[in-house]
Amino acid sequence: MTKEKENIEKLLEESEAKKNEYFAGWQREKADFINYKQKELTRLQELLISVKEGFALELLPVIDNFSLAEKTIPEAEKGNNSIKGLILIKKQLEGVLKSLEIEEIDTLNQKFDPNLHEAIEEIEGEEGMIIEEIEKGYKIKDKIIRPAKVKIGKGNNN
Amino acid sequence: MTKVIGIDLGTAITKFASIVNGEPKALDNREGSILTPSIVAQTKGGERVVGILAQRQAITNPVNTISGVKRFIGRRFSDAEVQKELKLLPYETRERSDGGVEVKMADKWLTPIEVSAMILQKVKADAKDKLGEEIKNVVITCPANFDDSQRKATKAAGEIAGFNVLRVINEPTAAALAYGFGKKDAKKILAYDFGGGTFDVTILDVSPDTVEVLATGGEAHLGGNDFDQIIINWLLEEFKKDQGIDLSKDALALQRLKEAAEKAKTELSSSFEASINLPFITSNQDGPKHLEYKLSRSQFDSMTKELVVRSIERVRKTLEEIKINKNEIDEVILVGGTTLIPAVRDAVKEFFGKEPNKSINPEEVVAIGAAIEAEILTAKEEGRTPEGDIKSVLLLDVLPLSLGIETLGSVNTVMIAKNTTIPTSNSQVFSTAVDNQTSVEINVLQGERPMATDNRSLGRFILDGIAPAPRGMPQVEVKFDIDASGILTVVATDKATKKVQSIKVEGSIGLSKEDIEKMKKEAEIHAAEDQKKKELIEARNLADNLIYTCEKTLKDNADKVQETDKNDIEAKVAELKKLKESDSIDDIKKKTEELSQAIQKVGAQIYQQQQQQEPQEKKEEPQNDAPEAETEKE
């Protein structure tokens with residue numbers, strides 16, 4: 001009788017241990033899944049930012065071309081209302097960037113910094129300084145979407 | 001568990017990959033790109049920059065911007081090939097006391113090993129950023145034709161950067177590893193590596209224990225840049241012809257052309273035409289000039305044909321050198337960004353008469369293979385299973401073939417799709433196909449074909465005792481449940497009478513690999529005709545439903561329908577009944593649509609009459625005047 005009882009108790013103990021093991025495994029799996037979902041959410045948010053960036057990268061050349069067009073407008077025609085309207089559209093586009101928290105990178109009177117700027121050419125001017133901006137650069141917070149394309153001064157020695 | 005990375009240390013571009021959540025994956029650097037230019041510079045401000053930053057300042061600082069040192073690593077200064085390369089460099093070089101090469105960066109003489117170490121240091125920092133921990137264990141790749149001294153130098157560069165270099169492996173070997181070739185049986189593999197600046201071909205004999213390089217070949221200066229240059233030249237020529245202006249002297253215009261050419265090349269990989277629009281590219285006394293051209297894929301292909309032919313010729317020669325017939329190559333792997341060009345892929349496919357391996361991004365495949373090797377080596381050292389080999393301690397199977405039931409018109413309605421992880425279950429409600437139907441037969445199917453008869457029947461059973469009702473009214477819930485050991489239970493329940501009938505299929509999942517492959521292949525082969533058949537059945541079912549609804553509407557509302565409408569509908573019903581036995585899907589669809597419109601009109605009339613005649617009484621439910629395709633069970 002006691003032997004049988006012992007056996008049953010042993011079996012019960014084993015079953016208990018197994019149950020605990022399986023239950024823990026189940027909990028772990030469930031937790032893994034919840035964590036996975038959370039991670040997916042973060043990933044999704046990152047994805048949204050990169051979509052924003054991707055969209056900006058597609059839009060930026062259009063704004064660049066608008067800027068180029070603006071530069072070629074003869075002084076005499078700047079008062080023309082149709083031309084004024086077009087310039088307003090450019091401002092509207094720039095507004096879209098602002099609403100996406102996209103900012104322009106400063107270049108005027110700045111020292112050349114490869115973190116922010118890409119050098120296209122060296123020209124007469126103070127060494128290491130940005131002399132002319134060719135294409136605007138943009139950033140979201142501290143992240144560079146596109147560096148500004150600039151011409152750099154080569155100094156007097158060269 | 002130690003995290004590891006694999007590094008593809010390239011001549012122009014370096015990439016790295018790791019195992020993330022069990023999957024090998026190429027990782028971004030801090031600048032947000034997978035591609036890190038293999039360039040190191042000391043800026044005029046005295047700061048050391050690596051990668052894209054070094055590239056951005058290169059033009060203002062060419063003598064202190066070091067690129068392409070891979071061409072000199074572990075080689076002798078006096079080597080004829082090295083001498084040839086040295087002539088093309090903007091920075092200073094000299095012979096080292098031990099006969100090697102030294103490059104000068106900001107008054108300091110450095111060995112190619114030290115410069116490579118600087119690139120690898122950046123990779124180390126970027127990987128730490130990305131993976132959240134310091135990385136020690138790495139595998140670095142090198143070209144198959146690197147000799148012992150070049151390999152030792154590559155390893156040394158890794159060690160100087162602070163890595164524990166587990167191994168230096170061949171780039172094509174890494175690519176073969178990424179695809180998992182040679183795990184079971186020996187295979188002859190050809191890696192076709194068309195990068196940005198170089199073209200390499202390597203033939204390997206890969207088996208579970210050994211990798212033997214049978215032959216290597218290539219061209220040191222043939223790559224994606226040449227494709228870009230061809231587009232640029234074409235644009236320059238066209239513009240000169242149309243506008244009489246030579247843009248080749250205009251640094252700014254050239255820069256814009258270069259970017260546009262790269263973009264057009266990329267676009268042409270997925271579309272058949274690319275527009276190149278560069279407004280205000282230049283101006284003369286007449287005012288601003290714009291550049292606007294369209295480039296079609298076929299135009300691009302014929303312009304660049306010569307480059308593709310050159311690469312294929314190189315493959316042919318390399319095969320000839322070791323007297324191997326191209327038919328003896330078991331697998332062809334595409335490596336390098338240039339293999340994304342459709343014409344390149346087509347040329348390789350045509351030459352070998354078989355589909356090359358391209359499912360892993362060819363720009364990442366080498367780094368991914370290196371990461372896999374690093375993980376395998378580290379796991380061995382730590383006495384564990386490599387991550388990615390098993391997902392967790394709990395081994396979960398996936399369903400190899402879809403499971404479904406046969407529904408109206410002998411259609412296979414999938415209940416659990418293939419590749420679903422088990423255990424799992426799914427239920428769906430079905431109905432009857434004819435009036436007063438009192439039983440339904442459940443035929444359990446396994447396979448991918450849309451028609452029931454083309455699949456394997458795992459068993460069938462009958463649920464009877466359904467209360468007589470018009471078709472579509474009874475609700476029979478069918479539930480599929482597979483447990484972890486692959487035992488399938490199918491339960492059918494009549495929701496009205498609660499009558500239940502079920503079947504248990506054991507071992508149904510355990511088909512042999514060959515059978516599964518055969519069934520999948522068949523599904524692929526017949527995909528197009530099956531789809532047509534399915535569409536035809538669906539169109540017929542839709543027509544059938546509509547005929548039923550029309551006849552019922554006319555019968556139930558005989559007093560409310562005008563004679564002309566009734567005749568019109570009856571004629572259309574007769575026509576559709578005859579037509580639905582034909583094979584013409586379009587005709588059936590067209591006539592069904594006509595009849596549907598006619599009956600909708602009648603339905604609206606009946607509804608209006610009812611509202612006028614019985615404004616006080618409880619309104620009758622409107623008839624099904626827009627029948628939908630129902631999932632019904634015969």
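The model is a predicted one, in which local features need pLDDT of at least 70, side-chain atom pairs count only at pLDDT 80 or more, and totals for chains, interfaces and linings use all residues. Residues are numbered from 1 along each chain as its sequence is written, while chains are lettered from A and ligands numbered from 1 in the order in which they are written.

Seven of the eight residues of E2(B) are buried, so the strand is largely enclosed by the rest of the structure. Here a residue is buried if 20 or more other C-beta atoms lie within 10 Å of its own, exposed if 12 or fewer, and partly exposed in between, with C-beta atoms placed from the backbone.

E2(B) also has several partners, and two strands pair if DSSP finds at least two bridges between them. Strand E1 (residues 5–9) of chain B runs antiparallel to E2(B), with five bridges joining them, and Ile7(B) has Phe16(B) as its bridge partner. Three residues sit between E1(B) and E2(B) in their hairpin.

Elsewhere in chain B, three strands make an open sheet in the order E8-E9-E10, with antiparallel pairing. Strands E8 (93–95) and E10 (108–110) of chain B are at the edges with a single partner strand each, so one side of each has no neighbour in the sheet. Between E9 (residues 101–105) and E10 of chain B there are three bridges, and Met105(B) has Lys108(B) as its bridge partner.

Turning to the contact between chains, 17 residues of chain B are in contact with 18 residues of chain A, where contact means that the C-beta atoms of two residues, placed from the backbone, lie within 7 Å. Helix H1 (52–57), helix H7 (251–267) and strand E16 (273–284) of chain B each give two or more residues to the side that touches chain A.

Technical notes
Helices (H or I, at least four residues) and strands (E, at least two) are DSSP runs, numbered from the N terminus.
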